Amino acid sequence: MALRLLGVLPARRSGLVLYNVVVLALLAWLSLAALGLAYSLLWLYEGVLGVGEGLVVSARGFSPMTALISRSEVESRLAGIEGLSVEYYLIAPVLHGDKLLFLRNTEEDLSGECILVGVDLARDLRIEPGTSMLFSSFFTGEVYELRVCGYTSGYLLVARYETVARIRGVTPGTYSYIVVKGSEESLEKALRALGAEPGRQRLAGFLVAMLNRVGNETRARVYRALTEAYIGGLGLQRDYIVYFAVGVALASVLGSVMIGLDTARRLSETLRVYRLLGASRRSLLAASAFFGLAMASTGFSLSLLLIGHFDLFRFRLLDYVLEPRLEAGPTVVVFAGLASLYTAGLEVGVRGEVD
Amino acid sequence: MSLVAAVGVLLVTMIKRGLYTAVLIGVLAPLMLATILYSIPDATNLLVDYTGLEKPVLLVANKPLGGKCYPGNILSGLVAAGDTVLEARVLGVRADADTLLGELGLTGGYNERSGLVVPMDMYNALGRVSTVKLVLNNTVHEYRVAGSWRASTMLLVDPGLVEVGVLYVCLEPRSEYAAKLLEHVEDSLLATTGSWVLLLLFAYTPVVYASQRRVVESLRGELEALYNTGLSVARLFLSVYAGLVVLSALAALYAVSVGVVLVYTTWSLLGFIAPIPQPVLRSEISFCLLTAVSVFSATALLACRGVLGWH
């Protein structure tokens with residue numbers, strides 16, 4: 001009998017089914033967008049700088065673009081540790097007109113006045129190799145004319161170290177961040193040498209060691225992301241942002257309880273007929289639970305399609321476009337919240353109608 | 001019985017019987033979230049602790065930007081001192097040298113009306129002279145060297161410069177530029193938040209409609225009693241509708257208030273653990289509240305019609 005009810009509902013009450021799916025999809029879409037944007041924000045600097053893996057060594061500051069670290073200090077600490085490859089990066093914020101761009105050093109053999117322009121940036125600015133560009137240094141306040149010699153990936157400008165250091169106004173041997181790569185064992189040694197305890201951190205993948213000079217001693221703290229390391233300096237913790245985002249996502253799907261209750265009320269006539277035909281209370285509750293889960297699953301699948309096809313929720317941060325970034329864990333949380341809240345509302349409603 | 005009295009009776013009944021709970025559940029999530037999201041701290045507060053931002057930065061663009069702007073151009077020419085002749089790229093600015101260079105902090109006590117700031121390498125190659133000859137468009141000019149800088153381009157500041165008109169050279173304090181950037185980031189964040197909140201509000205329309213319908217259905221007994229006192233059906237419909245709108249508006253106001261209390265309490269409590277910037281409640285929340293009340297008024301009409309029919 002309950003199975004028959006499940007078969008009848010989509011055919012006879014297609015309007016109600018469609019209404020449920022659309023509303024649930026909309027609520028799930030908004031929840032996923034909120035969570036996705038919060039996660040994108042947490043990985044902002046990694047995206048802007050194009051840092052993908054390794055142990056990133058940086059220093060306290062407002063951002064990786066303003067912090068400075070001495071190459072010799074890191075070199076002396078890492079000396080003697082075998083199996084490490086170290087890359088040194090210096091970032092200079094430059095202004096082109098009123099646009100803020102980031103210039104990074106490269107190991108490539110470029111002449112002093114040559115820069116490579118990120119393809120996305122070149123497309124935006126309509127720049128071709130051979131043209132000259134004027135940049136103002138945010139730190140020195142001076143104007144520099146550089147020639148575009150080719151393209152690189154992303155939204156960055158790339159020049160040789162000496163040019164970047166001159167524009168950044170720093171002495172040679174100073175960098176913004178250093179990327180250390182190697183085996184898990186070598187990285188553990190490197191972390192200890194930098195003055196940090198590896199603890200329970202997973203060394204493979206991505207980690208940030210933030211150096212902080214206290215008197216004559218340099219201490220290092222380990223973080224899971226660059227953004228986390230810098231927002232920590234502003235008094236915000238990554239976990240607060242994650243909890244807040246999950247809270248927002250769950251609050252967005254909270255309305256599904258009312259939708260479940262309302263659906264049960266709209267099905268009251270149908271439920272009464274089935275009750276008269278001899279359907280047991282338990283079978284009707286089981287059928288409504290199946291119906292609830294099916295509606296929530298369909299609505300959630302539709303929301304995944306929506307988030308994949310409509311980039312409505314994205315914002316530009318210093319010309320870097322942030323789009324919602326879906327992570328497996330939070331996605332499951334949203335689905336679990338939607339399915340359980342909606343089904344619970346439906347079950348309570350059906351129980352009321354059947355009794 | 002008058003319309004106002006009927007509305008009063010229905011409102012008191014709704015509150016006494018706790019019917020506001022359903023409406024409150026419907027409006028709480030979108031409006032509380034909107035309040036929290038529109039209370040993010042003012043981004044420019046992040047600049048307070050950073051010194052050295054008062055110095056200006058020299059910006060070159062093809063339109064006037066913020067700060068003081070002067071007409072300018074990028075020119076090619078030759079620079080000569082004694083027997084040394086070098087090719088030079090010159091950023092020419094039509095301005096008073098003592099004013100512009102003083103504000104830029106490149107020179108101290110330079111009182112000439114025109115002058116040249118020469119790249120460090122070139123300054124050394126020319127023998128660190130105090131006067132150079134500059135050839136621009138086959139015309140020879142003589143300028144005093146006001147100073148040197150790390151840039152590779154020469155800076156020529158001359159109030160009588162004629163080769164200008166393509167570019168603008170602007171002086172803008174770094175603090176103002178940084179504040180503008182942070183405001184831009186904040187605006188972008190709030191715009192995205194705004195569209196998200198607005199969509200959430202509309203996504204919650206069926207939820208609010210369902211809760212309002214439940215309220216009207218629960219009032220059947222009271223409506224019959226009011227009808228028996230002689231209130232016309234049309235007035236009865238109007239009084240239920242007005243009562244529902246007032247209840248929804250009160251619930252919306254309550255949701256916003258809860259959001260404000262939540263934000264400031266959290267900020268105060270987290271303040272014991274770490275210094276967190278103070279939240280700033282934006283005026284956009286009033287627009288959000290007005291939109292919500294308008295939407296809830298429309299759903300109230302549909303809910304009344306759904307239960308009572310048109311009269």
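1. The model is predicted. Chain A is divided into two domains: domain 1 comprises residues 2-43 together with 238-354, and domain 2 comprises residues 52-233. The C-alpha centres of these two domains of chain A are 44 Å apart.

2. Packing of H10 and H13 in chain A. Helix H10 (residues 256-266) of chain A packs against helix H13 (residues 328-354) of chain A at an angle of about 30°, and 7 Å separates their axes. The crossing of H10(A) and H13(A) is right-handed. On the side of H10(A), the contact includes Val257(A), Ile259(A), Leu261(A) and Arg265(A); on the side of H13(A), the residues include Leu338(A), Leu341(A), Val348(A) and Glu353(A). By class, the residues of this contact are twelve nonpolar, six polar and two charged.

3. Ala339(A). Helix H13 of chain A also holds Ala339(A). Is Ala339(A) buried or exposed? Ala339(A) counts as buried because it has 22 C-beta neighbours inside 10 Å, and the cut-off for a buried residue is 20 or more. Apart from neighbours within four places in sequence, Ala339(A) is in contact with Leu293(A) and Ala296(A). Val242(A) lies 97 residues from Ala339(A) along the chain, and the C-alpha atoms of the two residues are separated by 21 Å.

4. Nonpolar cores. The largest nonpolar core has 102 residues. Within this core, the residues that touch the most other members are Val57(A), Ala209(A), Leu116(B), Met154(B) and Leu156(B). Not counting residues up to four places away in sequence, Val57(A) touches Ile69(A), Val74(A), Tyr177(A), Ile178(A), Val180(A), Leu194(A), Ala209(A) and Leu211(A). A second, separate core consists of 99 residues, among them Leu32(A), Leu322(A), Val197(B) and Leu226(B). As general background, nonpolar side chains tend to be buried together in soluble globular proteins.

5. Contact between chains A and B. How many residues does each chain bring to the contact? Chain B contributes 43 residues and chain A contributes 41 residues. On the side of chain B that touches chain A, two or more residues each come from helix H2 (20-37), strand S1 (56-61), strand S3 (84-93), helix H5 (174-203) and helix H6 (205-218) of chain B. H5(B) supplies the largest share of that side, with twelve residues. By class, the side of chain B that touches chain A consists of 32 nonpolar, seven polar and four charged residues.

Key:
Residues are numbered from 1 along each chain as its sequence is written. Chains are lettered from A and ligands numbered from 1 in the order in which they are written. This is a predicted model: local features need pLDDT of at least 70, side-chain atom pairs count only at pLDDT 80 or more; totals for chains, interfaces and linings use all residues. Domain bounds come from an automatic or database domain assignment. Axes are lines fitted to C-alpha atoms, for helices over the stretch in contact, and angles run from 0 to 180 degrees between N-to-C directions. Helices (H or I, at least four residues) and strands (E, at least two) are DSSP runs, numbered from the N terminus. A crossing is left-handed if the near helix is turned anticlockwise from the far one by less than a right angle, and right-handed if clockwise. Two residues are in contact if their C-beta atoms, placed from the backbone, lie within 7 Å. Ala, Val, Leu, Ile, Met, Phe, Trp, Tyr, Cys and Pro count as nonpolar, Asp, Glu, Lys and Arg as charged, and the others, Gly among them, as polar. A nonpolar core is a set of buried Ala, Val, Leu, Ile, Met, Phe, Trp, Tyr and Cys residues joined through C-beta atoms within 7 Å. A residue is buried if 20 or more other C-beta atoms lie within 10 Å of its own, exposed if 12 or fewer, and partly exposed in between; C-beta atoms are placed from the backbone.
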